[in-house]
Amino acid sequence: MPLEAGLLEILACPACHAPLKEASSEEQDPELICTGKDCGLAYPVRDDIPVLLADEARRPA
């Protein structure tokens with residue numbers, strides 16, 4: 001799930017406004033992880049489109 005160059009730089013967590021980082025592995029669907037100290041929400045990426053809705057985010061483990 002390579003996001004378009006520069007897109008990740010302008011995206012932010014809708015809950016806490018911290019930067020997001022890409023995370024994906026073969027056993028897990030691609031997602032964007034909030035780098036906020038107290039937040040850590042994981043937002044899904046569906047069809048190469050980030051779904052930045054707090055209701056759709058996965059809570060940190």
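**A first look**

Modeller: This is a predicted model. The protein chain has one helix and four strands.

Biologist: In what order do the elements run from the N terminus?
Modeller: The order is α-β-β-β-β.

Biologist: How much of the chain counts as buried?
Modeller: 31% of its 61 residues.

Biologist: Switching topic. Which residues make up the largest nonpolar core?
Modeller: There are 12 residues in that core. Among them are Leu 3, Leu 20, Leu 32, Cys 34, Tyr 43 and Val 45.

Biologist: Which strands each supply at least two residues of this core?
Modeller: β2, residues 28-34, and β3, residues 42-46.

Biologist: Now Leu 8. Where is its place?
Modeller: Leu 8 sits in helix α1, which covers residues 7-10.

Biologist: Why does Leu 8 count as partly exposed?
Modeller: Because its relative accessibility is 25%. Buried would need under 20%, and exposed over 50%.

Biologist: What is Leu 8 in contact with, leaving aside neighbours within four places in sequence?
Modeller: Leu 3, Leu 20, Lys 21, Glu 22 and Leu 32.

Biologist: How far apart are Leu 8 and Leu 32?
Modeller: In sequence, 24 residues. In space, 9.1 Å from C-alpha to C-alpha.

Biologist: What share of the contacts with a separation of 6 or more comes from residues 24 or more positions apart?
Modeller: 24% in this protein chain.

Notes
Residues numbered from 1 in each chain as written. Predicted model: local features only at pLDDT ≥ 70, side-chain atom pairs only at ≥ 80, totals over all residues. Heavy atoms only, no water. Buried < 20%, exposed > 50% of the residue type's maximum accessible area, 1.4 Å probe, protein only. Contact = heavy atoms within 4.5 Å. Core = buried A, V, L, I, M, F, W, Y, C linked by side-chain atoms within 4.5 Å.
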